[in-house]
4 protein chains.
Amino acid sequence: MQAPSESPGTGEQQADEVRSGRDATVTRRALVRAARRRFATDGYRATTVRQIASDVGVNVALINRYFGSKEGLFEACMNRTVDELDTANRAPVVGIDDVIGRLITHVVESPNADDPLQLLLLLRSSGDENADRIRRRTLESFTRRLAGAAGWSTGDPGTEHLLVRAQIAMATMLGLVMLRTSTGVQPAASATSDDLTGPLGEVFRVLLADPGSASRA
Amino acid sequence: MQAPSESPGTGEQQADEVRSGRDATVTRRALVRAARRRFATDGYRATTVRQIASDVGVNVALINRYFGSKEGLFEACMNRTVDELDTANRAPVVGIDDVIGRLITHVVESPNADDPLQLLLLLRSSGDENADRIRRRTLESFTRRLAGAAGWSTGDPGTEHLLVRAQIAMATMLGLVMLRTSTGVQPAASATSDDLTGPLGEVFRVLLADPGSASRA
Amino acid sequence: MQAPSESPGTGEQQADEVRSGRDATVTRRALVRAARRRFATDGYRATTVRQIASDVGVNVALINRYFGSKEGLFEACMNRTVDELDTANRAPVVGIDDVIGRLITHVVESPNADDPLQLLLLLRSSGDENADRIRRRTLESFTRRLAGAAGWSTGDPGTEHLLVRAQIAMATMLGLVMLRTSTGVQPAASATSDDLTGPLGEVFRVLLADPGSASRA
Amino acid sequence: MQAPSESPGTGEQQADEVRSGRDATVTRRALVRAARRRFATDGYRATTVRQIASDVGVNVALINRYFGSKEGLFEACMNRTVDELDTANRAPVVGIDDVIGRLITHVVESPNADDPLQLLLLLRSSGDENADRIRRRTLESFTRRLAGAAGWSTGDPGTEHLLVRAQIAMATMLGLVMLRTSTGVQPAASATSDDLTGPLGEVFRVLLADPGSASRA
DNA sequence: AATGAATGAGGTTTCATTCAT
DNA sequence: GATGAATGAAACCTCATTCAT
């Protein structure tokens, strides 16, 4: 849907990363935001630091000055995403239905470029062992939080199977976000909230809220 | 200390792509197979044509001779994947349970690198507009086949919602395959057939076989 | 993981270049001293102005403010070295044995980084034509002073050969200083005063004090 | 005497490195020769691989293809120099006078750019720990060979002092070669064989052939 | 007077591709 | 038909320097 942009020098994204002028903090943040979008959209290898710098409107050297390297910038993106996920989930979890609602919201709003989950789409290794470890850990922590809301507690063998179920739920969400955003597959790409809420609710409930109900049918 | 480069055996994958000597057709096929594995494992950008040529044991220039360019080779990989999926699905679809079983099998066996579906996982694989279109079309055709098995028929408004449901099922499968293969997230990466069959069956059934059952509960 | 760069303490040398606060003259001198050490130790190209500024604890921009450019700073170092050599040699030259003793002392104490001769070690230090001329002139003046102590007088053809002999003596000194300091070759690097005084004395005497004695043997 | 060549794009040296056309061995050798000259003249850091490639008339990428990196090329230069020194010294050593004659020849012919000793002038560290070790080892081995010709034998405490004496002789040679070639100091730079042979002979003899003679005088 | 922010030029390296043998 | 040699474009990064505050 959006052009893939191997083409040199087009740069279709540099739109709204405005900087006020000479404030390092602002520039850093703008760089991270632009980078996250590029990384999520085009992948680590295909993204060039020149693109990112040009998106923000600064010189390439600033990236190395602030983040040391392309990998450093990537890790900064990961960390920022982790932070956002953390604060987003610091809200009290009232119940499993609450969590399910959030999952659905994530999917529905995913074409929104700023959704931090987009970064998680980088399921393919970046070549940077460190960043890959961060990503793996983040996904696993997300899994545990989900499983916890469904009743899993550490070390309780009776609830161990909920970990796998939570991860399947997460996989569903990730897969759909992927199809909707980068791949642009129909009908997922243009499905509305109404189209998705119903079936997604069934899936998440059968996995997390009412395990075994389907087979009981 | 000296120049490293060309020596065969740098990569870890060049194992079984043996060539029988000087048969152009055989070499072509071997190149496509090796390329697909590399592309699926490392991504388009991170894969170098030298790796692929070295895996097969031929000169790099052959790739350009046979396929014109790296992109040409990638498209050949996509087309081959489409072909294999087609012939694999030419078998008569006896029922929805049959299809669900196949989906589960895909997920369970996904760590085996030769699954043709893996190539479809590449988020924005190449920047090659053509290959992207092929992948999109393949995924949509896969969706329709799945929906068809669940009762969807072209142009029947009453079954239109099954398309979205089928695509959610596909997303679940793709997401899980990703987690299991490239990301290596636990517990998905090491989950056994027994761990997965149950919950996956519930999800796929609630989506395709028994729509609405969960909400009826 | 984050940007490394600027933190003071990266290098190993920033030790005793303390500044007393905000005195331009003091800062200038501290910069020259730190720079000379870096240039002598690491070479012109390998030395970065950021290192030097960090050694002294001031902002990088000051170097350009005070010296115009990196080359300007280098020339300031050269000039300072020339000055120090001049004042050091303003002491009356009592005799050739005195001079020989000083040469030996230079070699023996050369591992002490502050010996201004180290700067002369920079073979083709900067690519700065101006600095190169300064160095060449300094070395030639040093040669003449040495030859003068051995009996050479300007324009006297009968003592002209003493210039070459003096320069050979200087070359011996420079070569040894190099081996002892930057190259770290054994046994020169760890040779003591006792090890060196004897043979060096013979060499310098045969060159400057008693020309032809060896061949007379 | 030759311009130092920070200036971009001049390249005063690319003269006689002619290649026949498409022979890798020839090209490799030409690269090593050109590189050695540049490294010896300008130093490791100041030499750019673009210059070297341009001297030979090939593309820069070839350097990385053949030698892996700039450091690899530098090490190849070192190794080649070591080889040449080895074969040059494989000739039977008839006596100490023979060796002394060779030392003098080295100095006299040093302005000749192809003298392998020029590389040893890089007494300043290249930043490559490996190359530095090779260089140190080469210098020490050279010292031992020289000392051996003067009567030193491993483990004999009575001849141990000859090691230092041999190294002083080497330092004299290196220092003079340096002054004659890269620094261009007068009168060393333009001294003829007649000017040098006499005094150098005295120095080397007093160090190696007749230790103590001068002090006996 | 002095600092932190930002720039631009240039260096090494990688890689797909083309050229001759 | 196939191979090794060689090229050119582009990527990341470093560093001296200049710009505003």
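## Surface and fold of chain A

The accessible surface of chain A comes to about 9,300 Å², and carbon and sulfur atoms account for 50% of this area. Please keep in mind that this is a predicted model.

## Nonpolar cores

**Exercise 1.** Find the largest nonpolar core and follow one of its residues, B:Leu208.

*Solution.* 
Step 1: Start with a general idea. In soluble globular proteins, nonpolar side chains tend to be buried together.
Step 2: Find the core. The largest one holds 98 residues, and those with the most contacts inside it are A:Leu179, A:Leu208, B:Leu73, B:Leu179 and B:Leu208. In chain B, domain 1 (1-68) and domain 2 (75-212) each supply at least three residues to this core.
Step 3: List partners. Beyond its neighbours within four places in sequence, B:Leu208 touches residues including B:Ile96, B:Ile100, B:Leu103 and B:Leu146. Among its other contacts are B:Ala150, B:Arg165, B:Ala166 and B:Ala169.
Step 4: Look for another core. Apart from the largest one lies a core of 75 residues, including D:Ile168, D:Leu179, D:Leu196 and D:Phe204.

## Aromatic pairs

**Exercise 2.** How are the rings of A:Phe39 and A:Phe74 arranged, stacked or edge-to-face?

*Solution.* 
Step 1: Begin with the whole structure, where a search finds 16 aromatic pairs over all chains.
Step 2: Check the geometry. The ring centres of A:Phe39 and A:Phe74 are 5.0 Å apart and the planes meet at 85 degrees, so this pair is edge-to-face.
Step 3: Place the residues. A:Phe39 belongs to helix 1 (residues 24-42) of chain A and A:Phe74 to helix 4 (residues 70-88), 35 residues apart, so the pair links distant parts of the chain.
Step 4: Check burial. Buried means under 20% relative accessible area. A:Phe39 has 0% relative accessibility and therefore counts as buried; A:Phe74, also with a relative accessible area of 0%, is buried.
Step 5: Turn to chain B. B:Phe39 and B:Phe74 form an edge-to-face pair, 5.1 Å centre to centre with 80 degrees between the planes. Both B:Phe39 and B:Phe74 are buried.
Step 6: Return to chain A, where A:Phe39, A:Tyr44 and A:Phe74 form one aromatic cluster.

## Charges and a helix end

**Exercise 3.** Which ring does the charged end of C:Lys70 sit over, and is A:Arg33 buried or partly exposed?

*Solution.* 
Step 1: In chain C, the charged end of C:Lys70 sits over the ring of C:Tyr44, 4.4 Å from its centre. In chain D, the charged end of D:Lys70 sits over the ring of D:Tyr44, 4.6 Å from its centre.
Step 2: A:Arg33 is in helix 1 of chain A. With 32% relative accessibility, A:Arg33 counts as partly exposed.

**Exercise 4.** Which residues of helix 2 (residues 49-56) of chain D are buried?

*Solution.* 
Step 1: The buried residues are D:Gln51, D:Ile52, D:Ala53, D:Asp55 and D:Val56.
Step 2: Just after helix 2 of chain D, D:Gly57 has a positive phi of about 90 degrees.

Methods:
Residues numbered from 1 in each chain as written. Chains lettered and ligands numbered in written order. Predicted model: local features only at pLDDT ≥ 70, side-chain atom pairs only at ≥ 80, totals over all residues. Heavy atoms only, no water. Areas by Shrake-Rupley, 256 points an atom, 1.4 Å probe, with all protein chains shown as cover. Core = buried A, V, L, I, M, F, W, Y, C linked by side-chain atoms within 4.5 Å. Buried < 20%, exposed > 50% of the residue type's maximum accessible area, 1.4 Å probe, protein only. Domains from an automatic or database assignment. Contact = heavy atoms within 4.5 Å. Phe/Tyr/Trp six-rings, centres within 6.5 Å; stacked < 30°, edge-to-face > 60°. Helix = DSSP H or I, 4+ residues; strand = E, 2+ residues; numbered from the N terminus. Lys NZ or Arg CZ within 6 Å of the ring centre and 35° of its normal.
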